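Reader: I am new to this structure and would like to learn how its features are read. Could we go through a few of them together?

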Amino acid sequence: MKSLICFGLGYSGMAVARRLSSKGWQVSGTTRDLATWEGGKTGILCATFTGTSPMHGFAERISSATHLLTTIAPGPDGDPVLNHHREALLGHAGRLERIAYLSTTAVYGDHGGGWIDETTLLAPGTARARQRVAAEDAWREMAGNLGVPLDIFRLSGIYGPGRNQLVALGAGTAKRINKPGHVFNRIHVEDIATTLAAAFATAAPGAVYNVADNEPAPPQEVVGFAAEVLGMPPPPEIAFADAEMSPMAREFYSESKRVSNRAIIDHLGVKLAYPTYREGLTALAAPLGTKDKP
Ligand SMILES: NC(=O)c1ccc[n+]([C@@H]2O[C@H](COP(=O)([O-])OP(=O)(O)OC[C@H]3O[C@@H](n4cnc5c(N)ncnc54)[C@H](OP(=O)(O)O)[C@@H]3O)[C@@H](O)[C@H]2O)c1
C-alpha cells in the first residue's frame, strides 16, 4: 500500500491528501494547530508541526512512508521541515520512493509579461523567492543523499472552493486594479491534486513542473468575469498608481509573466479540469449544494 506523509495539510496539501486517500493511499500529515485544522472528519491522520521543533513520532511515520510531500513555505531560517527532520530522514526513510515539493513560479522573477517554462533561468526578485530557491536546492540535496527522486511543482496563483474572486466579491473585498501589462496564471486546487497524482503514477527520475492553467490573464479581467458570473456590477477599476495595497500585494504586482504548462500536459498527461479561470469560476459559482460552491 502507498503511504503519503504530507508536511502542511493546508489548502493544497488537503486537496492532494483527499485525492490520494480516495485512491486507497494511507495518508498522514501535519498542521500547526489541530484545533483549527479542517480535516478532522476525513480519516486523514494529522499531527502538530509548528516549525519550531520536530514533529512528534516522525521517525516511526517516515519509516513506513512511500511518498513525502511538503507544502510549507520556507522562512528566513530556511526550510522548517528540513531544519527539524534532516537526521531522522537520513536515518529512517528507507521505504521512501518519491519526494514532492510545492514551490512557486515566483522563483523565475519578472519576465515583463513574457513566456517562461521549466528551462527558464531562475531570477528570483524578492527575498521570499530567494528563500524558495534555497529551499528547492536544500530538498534536491536531501533527495540526492537519500537516492530518492524529487519532483518540484512550481505553482501559479492557487484558487478553488472558499478561495476565489467570487468569495472576494461577496465579501466586498475584490478590487479591479489595473497595471497595464500585468498578467499571471492561476491554478485550481483540484488541478494541483491531479498533477501530483499523475506525477506519482509516472515512473520518472524526478523533474520540475510548472503547475499553471492555459491562460495567463490580467487580474482585473478575472474579477470582471467573476462579477459577470454572479450577475453583479464589477467593482470600479483602480489605476495601479492610485491603489492602496499591502507590501505582499505590491510584491505580487512587481512581476509579470506567462507560464507554460506544456510539461504537465505532455510529460504527465494531465488533463486540466479547469483550463482557464472561466471554467474554474463558472464551476465555483454553480448552485449551492455542489462540491464546487464558492
Ligand atoms: N497561495 C498561492 O497562490 C500560492 C502560489 C504559489 C505557491 N504557493 C505555495 O504553495 C504552497 C501551498 O500553498 P497553500 O496555499 O496550499 O498553503 P496553505 O493553505 O497556507 O498551507 C500551508 C500549510 O503549511 C503549514 N505551515 C505554514 N507555515 C508553517 C511553518 N512555519 N511550520 C509548520 N507548518 C507550516 C500550514 O499549517 P496550518 O495547517 O496550521 O495552516 C498549512 O498546513 C505554499 O508553500 C505556498 O507558499 C502558494
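This is a predicted model: local features need pLDDT of at least 70, side-chain atom pairs count only at pLDDT 80 or more; totals for chains, interfaces and linings use all residues.

Reader: Which residues of α7 are buried, and what covers them?

Author: The buried residues are P219, Q220, V222, V223, G224, F225, A226 and A227, and their cover includes the helices α5, α8 and α10 together with the strands β9, β10 and β12.

Reader: How is the packing of two helices described?

Author: Two packed helices are described by the angle between their axes and the distance between the axes. In this model, α7 and α10 pack at an angle of about 35°, with their axes 10 Å apart. The contact joins E221, V222, F225, A226 and V229 of α7 to Y277, R278, L281 and T282 of α10, and these residues divide into 6 nonpolar, 1 polar and 2 charged.

Reader: How do side chains lie in a regular strand, and which residues lie on each side of β7?

Author: In a regular strand the side chains alternate between the two faces of the sheet. In β7, L150, I152 and R154 lie on one side and D151, F153 and L155 on the other, and all are buried. Strand β7 pairs in the parallel sense with β5 over 6 bridges and with β11 over 4 bridges.

Notes
Residues are numbered from 1 along each chain as its sequence is written. Side-chain values use heavy atoms; hydrogens and water are left out. Buried means under 20% relative accessible area, exposed over 50%, partly exposed in between (1.4 Å probe, protein chains only). Helices (H or I, at least four residues) and strands (E, at least two) are DSSP runs, numbered from the N terminus. Contact means heavy atoms within 4.5 Å. Axes are lines fitted to C-alpha atoms, for helices over the stretch in contact, and angles run from 0 to 180 degrees between N-to-C directions. Ala, Val, Leu, Ile, Met, Phe, Trp, Tyr, Cys and Pro count as nonpolar, Asp, Glu, Lys and Arg as charged, and the others, Gly among them, as polar. Two strands pair if DSSP finds at least two bridges between them.
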